[in-house]
Each structure stands twice: as structure tokens, then as C-alpha cells.
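Student: I've got a model open and I'd like to learn how to read its sheets, pockets and helix contacts. Can you walk me through it?

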Amino acid sequence: MNFRAAPLTRQVKEPGLHPVEDMSGQRRTWLLIVCCLAQFMVILDLTIVNVALPAIQADLGFSAVNLQWVVVAYAIVFAGFLMLGGRAADQFGQRRTLIAALLLFALASLAGGAAISQTMLVTARAVQGLGCAFMAAASLATITSSFPPGPARHRAIGWWGAMNGAGGAAGAMFGGIITEGLGWRWVLLINPPIGIAAAIIAALVIEDRPTKASARFDLAGALVLTGGLMVTAYGIVNASAYGLTTALSIVPIVGGIALTALFPMIEARAADPLVPFKEITRPLRSANLVVLTFSAALFPMWYVSSLYLQQVLGLSPLDAGLVFFPMALTIMLAASQAGRLVGQFGVRPVLGSGLIMLTAGLLLLARIGDSGSAAGFVVLPGILAALGIGLSVVPATIAATQFADHRRAGLASGLVNTSRQVGGSLGIALLISIATWYTSHQIGRNTPAPEALTQGFRAAYLIAASFAALAAVATFALLPPGVAPERPARVRLRLPAGVLAVIAAFAVADFIVAGAPGAPIGAYTTKNAYSFVSAPSLHPPKIRAEAPPAAARLEPGYILLANFYDLTRPPMVGQSGPLILNNKLQPVWFRPVPSNVVAANLSLQTYQGKPVLSWWQGTISNTGATESGNYVIVNQHYQTVATLKGADGWIPTLHSLVISGHDAWVTVNKNLPMNLAKYGGSVNGVITDSAVQEYDLRTGELLRTWDALGHIPLADSHANPPVNGYPWDVYHVNSISPAGPDTLLVSMRNTWAAYLINVRTGRIEWTLGGRHSTFRSGPGATFEWQHDVTMLPGSRVTLFDDNCCQITGAGTYLAPNGPSRAVILQLDQASHTAALVTEYRHNNDSAAYMGNAELLPDGKMFVGWGSQPYFSEYSRSGKLLLDAVFPGPDLSYRANQIRDWTGLPVSLPSGAARQRGKATTVYASWNGATEVTTWRVLAGRAPGPLVAVATRPMSGFETAIPIGPGYRVFRLQALGANGQVIGSSRVFRSTKGNAEGAGH
């Protein structure tokens, strides 16, 4: 297609404005597409890299502190060169400037995507920012110079302005999709072909225009202005991480402002100033003030919403990005109509109306809760805010550029883009600092993390709403009324009436939809779960063998589980609760926990000289952090004999409980406010501290605490600190193993290490793994993100090596370094070496979290595969004897095998009878009873004496027993191995109806 076939034929002049080419409609359409695409990529690359940061860190070895420069380098250079980019478009021509910027951006993106070092990537990002600064200024200048004043230009600016909102939303959405699907490099590598194609089209459709003839370029002014803006931007970026009151923020901000203050003095003496201040009119100053103010609300809205969706509501980065999709469509729709509305009602009424809608949307967003639906809390008010954004960006841009002639179009474009960027950066720095401080303050008062985060984000939304409201006031107070067509009053009132009606409708809908509590953490479905006629309240999951187990070679006894769920894939299948299976995978005992908690870590212990079962129940965040919980200990009658709750703000975690005599050691955590700036986090940050504590189970008294924070440096953690007040899980204690007199072997997942601690002195006697291992590891003996480290006689250690993964968000992780495995290590205390004895793998799968390895008495290995829904038993030679799988998203934190357990429930056996035609079936069960071998049915045709009518060997949790016709009243007797009656049910009657029991 030859776009030059329609050459410039005439110049259209309007008084006080600038000449505009009379070009073909097709050519002008392609010009608009190129300019919009350029602006879309500018805004997209401000946000798209954020999701990829953890993957970039792992690949190129960034420290947490240096990682921020991948974002900072782009932002600082972009903000610093916006004004210079605008003047370059005026000085050297919009066509040349835009083409050069597109090619520079494409080349820098290619270099960044191919980066082999940290320096190469950061440099490429800085050059990207330079190219984008010139792209943003030149694209808007090209539009204002190419479209005649009035509806055509308003529509063009509308589409260009829509890219500001669409690019921000698309960055949040596509960042997750590309990173998860293709890898972080493609976040950058998608840019070169687009940039080159856009440059080619720009060369074909954009004509060179006369530039301002000048023998000299205002180099001094350019250096001072760019340097001042860059230094100020550096201070603003620091404020986001370190706070506004720290020297790292204040010094560069003050220094940058001081340097920028020299700029007017230099310009006053310049023969051809970079920025002719005499030409910056009052309307232009007012329009840029409005842009700066509402950008301070607009930019943080995306950032805060993304954090809230992931950190509080538990959405993955991809799902959180998809939440923004309807908002991006709304912005584009509203922006496409904004130009037409400006033509009908004028700039000021449309801009003011948009800002009022944005204010209302932000106020509704402030109604967020610590649980609930993203649709009610974010999508619905977000669409209202998006309508306001679309109706604000376009008239604000029109107001800031409509009086500039074509030789100053770049100046006007540079000013409005600089105002937008500086306002947005200041808004993010201020709002995130306040939200983080408030969150940290609330966590310091022992407020649960989700509630504290929600309160911080709510404060940010409220402050953003005040900025939007202030911009609305400034719009009506400072902007000139402009010239709008004379219309009857009833026509002029349509706009405010429509705005108020829309706000009212959204407010009513939001109050109806939002605020409904989300599904409880223990929500479940009965599909693929058991349903029992005799025990209708019990729905354990159906565990099945992947292949017929080698039953004759399996370890005799029982399997201990606690039905858990994939943290980001609720609901679970079946109820959560401690579950005992026999070695045929049939339920023996199940106790569902309330739906507002989940259960984990069922284990066999000895308390007061008798066997007991213990398990944890509580709440877990979508990133695996324990938010509340306690341990329950029951005897052989399944009666609670002790409950362990945390003291002094410590929360028992699901990971480990070890009973010794009357006491118990337990893993605990606690959130603590802390300045994390030196570690790459926030100055108002929060850590999740880990400890092991000893409690007296009889009294609940806290006896001793070994606190990791007092013994292990924060820098030993392999987990990255979050950028806001979300707690940094530094250590993540996950197992306790008695190792000798006064010593415990304690595992910390996030330091990749286990520590032998002396509980009497608190001293770490040696460290296995991590950054400061006492032992030199042989081939295959290193491990990462491990669980269930257990000390065995002879200096042997078993553990579950997850080999995976750094958590990057709810349900998202970095790529594993290898398959997960259960391993046995041999430690040589004399030579300080660790050697691999043997390992067990499961189809080279990787468990993102959890897992355990249990060496059985006869040398077999029993493995729970953590977040992979399997558990397995292996022979001494490594042959797979049992491979069992959970249904759906279910899993178990641990899967243990025990040889002996005698369950003697104090509850009575349960029975039910169902009549279908002339046939009657009796269903018998006794939850937890291990001594039943046979069921005897007593029956009668009416109340009174009952006679034995049937016996049947017990088969699984529930046994179905066919009965002859005519019987209406029943009673069950449970018989032991010697035929003795060990329990009897209550009398029950038959009922008509279909029933699926006996394991259905």
C-alpha cells in the first residue's frame, strides 16, 4: 500500500492556531494507529515488567536491593527526558523524532530480552525509557499537528488518551500471561517487531513539517531541566521503597527541585530557550495542574488494586490481570466518545464530570474487605472509575494542547506528559508509603495481615479519591469555560444528570453486590468424595491408587492424612479434617473441622505414656502463611485431652508438633514491623518471624522460645521481600526433630537450611545447607526449599527436597531447579561432609510447597509429595509399592504411615436402613473403630424384641448388608475378632428411598 499517493495538497489555517495538513482519511487513520500504538507501548512497559521481576532475579542473580533498578532505570530516564523529547520534536521534526524513538525502543527491548548480565538489562531498560520519553512526546505532537481543531482532533486525542488507561491495564494482564507462558524475556522481546513495524508505517504516513529554524540548541537548559527531573524522579522512586521522610528520598527530591529551579534563570538568558515561559499561558498551566493532580490518583489505583487482588483476595497475577480487562475496555469505550462529548458540551464540563466519576469510583473501591469477591470489591467500582478515567484523560489532554501552534506542539506534549508522569510517580510514592506505614502499624498491633493490608489499601484509595476530587475542583475553578455550542438548558443538563445517574446506579449495585463474604477457607464439594448413608455428615475425599498396590508387600498399619487443598484452587473435594486410612486406602476415622478452618499435619504421638493423635487446624493465606491456628490432641477414644494455643502473639503453624512427656515443642510465627530498605523491601516493612517454642500441655504455659531472628541473619533468606507492607516470610520454619539431649534439628524452608540448636543455651551447634553450611555437600546432597528434616541414629538425615520454588504471588512460583525428591543423607561430623545415600522421585514432578519423607522401621520409605496430590510407598530397593492420588485440587501437608493404632470411640456405631421395593439394605459404620471385624443386624417387624437376621464381615468404612423383606426396626452389633460384641447402635427404622452408600 503506497501511503504517499495522497500528498499534502493544502494548508488549513485558523486564527491563533496552526496549519494542519489536508491528508486522506486512510492515511490519517494509519497515522493515528501508529501514534496510539507508540503511547500504548510506553505505558505498557511501565507496568508489564513488574510481574516478571522474580523470574528476572532468579535468572540473572539480582539481589533484592538491585532488582528494583530494572523498574527504576526505566522510570527515571523516562520522566527526565519527557520535556526534552517534546522540544526535540519541535526542533528536529515530529516524523524524525518518532521514527528514531521507535527504533531506539525496539533496539533497547531486543538488548534487554537478550541480556546476559544485570548491567546489560538495567542499561537496556534505561535506553528503553529514553526512547519512550521521545515516543510519548512526539506521538501526541504528531496528532495535534495532523488533525484539525474540533471534533476530528478530539476523537484522535480520545483514542491516544485511551492508550494511557489501556496500556496500564494491559501491562498488569499481559505481564502474567507472557511470563507464565513464555518466560520473562518475551516481556521485552515482543517489542522489537512491533516497534520496527510502527517505525516503517510512521515513515510512510507522517510528513515532515517545517521546524523552527535555529542555529543553536539550548543545551544548557536541556541539561539542567533533564538533570533536575531525573534527580527528582530518583528521589520519588526512593520514596516508594524507603519512605518520604528518609534522606535517600528527601535529598534527591530537594536537590532535583533546586536544580530545576535554575532552569527559568537559564531560559531567561537563552537566545532560543528550550521552554519559552512567555508562551505558557494561564490555561496551559491550569490544565497541567489538573493533569498532575488526577494522575496522582490514577496511577496508584492500578498498583493498589493489583496488590489487593493478589495479597488479600488471593488471585494469581494472571487472574488479577484479567480482572482489569473490563476496566481497560471501559476506558477505551469512554475515551472514544469523550471527544464527541467535548464537541457538544466543551472541555471543562466533560473533564469535571469524568473527575467526579473517578472520585466516586475510588470512594467505592475504598469499601474493600479482607475477604469477598473481586467482582464486587474491584470490578464494579473499577468500571465506574474507568469511565471517569476515559472522560478525564481526553479533555485534559485537549486542554493542555489545543492552543499550541505546530512549532510548539512538542512543548505542549512534553509538558502534559511530564505532568502526568510526575503526578503519577508522586501519587504512587505517597500513597504506597502511607498504605505501607498504616499496614505495618496495624500489624504491630497484632492485626491479622489480610485485615491490616486491607486497611492500608483502603487508606490509599481514600487519599486517591481526595486527589481526584481536588482535580475536579481545580477544573471548574481554574480552566476557562471555553466555547461550546449554544444549547437549551435541558440539553446542557443532560451531561451532569447522566453522570449523577450513572454514579447512583453503580453505588446501588456496589452496595448490593460488594460486602458479601467470600467462601470460607474450608468450602468443599462432594463430587469425588464419599457419602455414607449411616454417617451423612461425613464426606472425606476418595483416595485411589494409580496402579494396583502390591498389598502383600505394603507396610501393615494405617495412613495418616489431613485433607487440605491447593492454596489457589478452592474448593477442596470433600471436607477438611484429620483422616486415617487403612492400607487399602479405605477411611477408618474422619473428623471434619468447621468450614472456617482447615486441618493439617495429623500425627501419632505419646502423651502421658499413652498413644494420642495430634493435628493442627486454622487458616492459611494463599501464599502459605499461617494466619491463625492451634493444635488438638485426642486419645484413643478420640476425646480431646489437650489443646495448644500460642502465647505472646505467636501463632502455632501447621508444620510441626513434637510431644515429650507433658510438654510439646511447636513451630510458631509472628509478624513484626521492621525497616527492610537494606534488603530491598520497604522502610515500613513487616517480617514473619519464626520460632520453636516449648509449652506445658497441662497448663498451656509457655516455657521456652528459640527465636530465629536472634540467631539467623535476614540476609540468609532466599525469599524476596515484598515492596509494600505484605509480610516477608524470611525463615518459614517447617519441622522439628529431636536430635539428642537438649538438641533439636529445626528446618527453615526459606534459608534452605536445617539448624541443630541447643535449646538450653540457644546456640546453633551446626548448620546443614543454606548460605553458611557447616557441611560440605557431595554430589546430589544439596537441597532447596526443603521440608520435614528428620535426624536419625548414626548421623543420618531424611528430608523432602522440594527443589522449588520462590513464591511470586498467589499460586505462582519461579521455575523449579529440579524435580522434588525424598532423600537420605549421611553426615560425617568429623570431616563435616554430607553425602547422598539414596533418593526417591515421582515422575520427576516438582512440589511447589509442602512434602515429607518418612523412613519406615523395615527400611521402606513413605513419601508425601506436598503440593503434588500424591503419596507413595517404596521398598528398600526403591521399587514403588503404592502410589495413591487425591481427587481434584486436594493434598495433604504430610502423609505418614503408622503400624499400630487402636481406635476405641466412645460414640456408638451408626446405622441406617433403606427400603427399595421389597428389598431392604442396612448400612453400618463406626467412625474410628479399628477392632470391628463383623457386623450383626438385629431386626424386628415392630418395636419390641429384635432377633439376629444377618451378619457380614466389615468392608470399608461403611458396610452394606441386604436384609429379607418385612423388617422395619433395626439395631447393629459390632463384633470383635473373637466374636464378642464391642458396641451396639441405637434402634433405627427403615425409610423408603434410593441411597448410595458403602463407599459411594
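Predicted model: local features only at pLDDT ≥ 70, side-chain atom pairs only at ≥ 80, totals over all residues.

Student: Now pockets. What's the general idea?

Tutor: Rolling a probe the size of a water molecule over the atoms shows where empty space is left. Here, the second largest pocket holds about 760 Å³ of space.

Student: Which residues lie nearest the centre of the second largest pocket?

Tutor: S603, L604, T790, E854 and N896, out of 31 lining residues. Elements giving two or more residues to that lining include strand 10 (598–607), strand 24 (787–792) and strand 35 (896–898). By type, the lining divides into 14 nonpolar, 13 polar and 4 charged residues.

Student: And the helices? At what angle do helix 14 and helix 16 cross?

Tutor: Roughly 35 degrees, with the axes of helix 14 (residues 325–345) and helix 16 (residues 374–401) coming within 7 Å. The crossing is right-handed. Among the contact residues are A334, A338 and G339 of helix 14, and G382, A386 and G390 of helix 16.

Student: How many of the residues in that contact are charged?

Tutor: None: the contact divides into 18 nonpolar and 4 polar residues, with no charged ones.

How values were computed
Residues numbered from 1 in each chain as written. Heavy atoms only, no water. 1 Å grid on protein atoms, 1.4 Å probe; cavity = no way out; pocket = protein on both sides within 12 Å on 5 of 7 lines; lining within 4 Å. Points joined across faces, edges and corners; volume = space filled by probe spheres on them. Helix = DSSP H or I, 4+ residues; strand = E, 2+ residues; numbered from the N terminus. Nonpolar A, V, L, I, M, F, W, Y, C, P; charged D, E, K, R; others polar. Axes fitted to C-alpha atoms, helices over the stretch in contact; angles between N-to-C directions. Left-handed = near helix turned anticlockwise from the far one by under 90°. Contact = heavy atoms within 4.5 Å.
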